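Q: Could you help me learn how to read a protein model, one feature at a time?
A: Gladly; let us look at the structure together and take your questions in turn.

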Amino acid sequence: MERIPMTREGYQALKKELEYLKSVERPSVIRAIEEARSHGDLSENAEYEAAKERQAFIEGRVSELGYKLGNAEIIDVDNLPKDRAVFACTVVLENIDTGEGVEYQLVGPEESDIEQGRISVTSPLGKAIIGKKPGEEIVLTAPGGKRVYELVEIL
């Protein structure tokens with residue numbers, strides 16, 4: 001069985017989404033299907049087709065979330081080492097070429113959101129950061145070329 005690493009916050013977010021889909025979205029789409037059926041001929045009923053597609057999406061997502069939550073391995077961040085970059089830690093990087101600093105939290109694939117400063121440990125940059133200590137260089141070959149960062153700090 002595949003274990004899916006995630007933070008407690010990531011687990012709670014997925015659980016909240018699952019509860020919302022089951023308690024709000026699922027009943028809503030059932031009502032939409034019932035109303036569309038009441039309009040008669042289903043073969044040319046665009047409302048019915050749209051509601052059935054939405055229902056299929058919701059049921060697929062409910063199934064996916066159930067699997068992920070059932071296989072989640074919540075990583076306790078309090079017991080992780082602080083001397084090197086590991087899952088769930090936050091790192092400060094400095095681009096060696098530009099001097100630009102960035103801050104990322106290393107999370108599982110389900111929690112990654114670059115806009116929120118969370119990158120997956122399975123991403124190329126995440127893989128390059130894992131195990132590094134402050135002061136070490138991180139070399140990343142990206143589609144735009146080679147980038148070199150220094151791990152400035154682990155928060």
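Q: Which residues does D83 touch, not counting residues up to four places away in sequence?
A: Contact means heavy atoms within 4.5 Å, and by that rule D83 touches K133, P134 and I154. Please keep in mind that this is a predicted model, in which local features need pLDDT of at least 70 and side-chain atom pairs count only at pLDDT 80 or more, while totals for chains, interfaces and linings use all residues. Residues are numbered from 1 along each chain as its sequence is written, and side-chain values use heavy atoms, with hydrogens and water left out.

Q: Where does D83 lie, and is D83 buried, partly exposed or exposed?
A: D83 lies in the loop between β2 (72–74) and β3, where strands are DSSP runs of E with at least two residues, helices are runs of H or I with at least four, and both are numbered from the N terminus. Buried means under 20% relative accessible area, exposed means over 50%, and partly exposed is in between, using a 1.4 Å probe and protein chains only. With a relative accessible area of 43%, D83 is therefore partly exposed.

Q: Is T90 buried or exposed?
A: T90, which has its place in strand β3 (residues 90–95), counts as buried because its relative accessibility is 19%. Leaving out residues up to four places away in sequence, T90 touches E103, Y104, Q105, E153, I154 and L155.

Q: How should I read a sheet, and what is the strand order here?
A: Strands of a sheet pair through backbone hydrogen bonds, either parallel or antiparallel. Here an open sheet of five strands has the order β5-β4-β3-β7-β6, with mixed pairing, where two strands pair if DSSP finds at least two bridges between them. Because β5 (118–120) and β6 (137–142) stand at the edges with a single partner strand each, one side of each has no neighbour in the sheet. Strand β4 (residues 101–107) and β5 run parallel and are joined by three bridges, and I119 in β5 is the bridge partner of L106.

Q: How do helices α1 and α2 pack?
A: Two packed helices are described by the angle between their axes and the distance between the axes. Helix α1 (residues 8–37) packs with helix α2 (residues 46–70) at an angle of about 160°, and their axes are 9 Å apart; the axes are lines fitted to C-alpha atoms over the stretch in contact, and angles run from 0 to 180 degrees between N-to-C directions. This makes α1 roughly antiparallel to α2, since angles over 145 degrees count as roughly antiparallel, under 35 as roughly parallel, 65 to 115 as roughly perpendicular and the rest as oblique.
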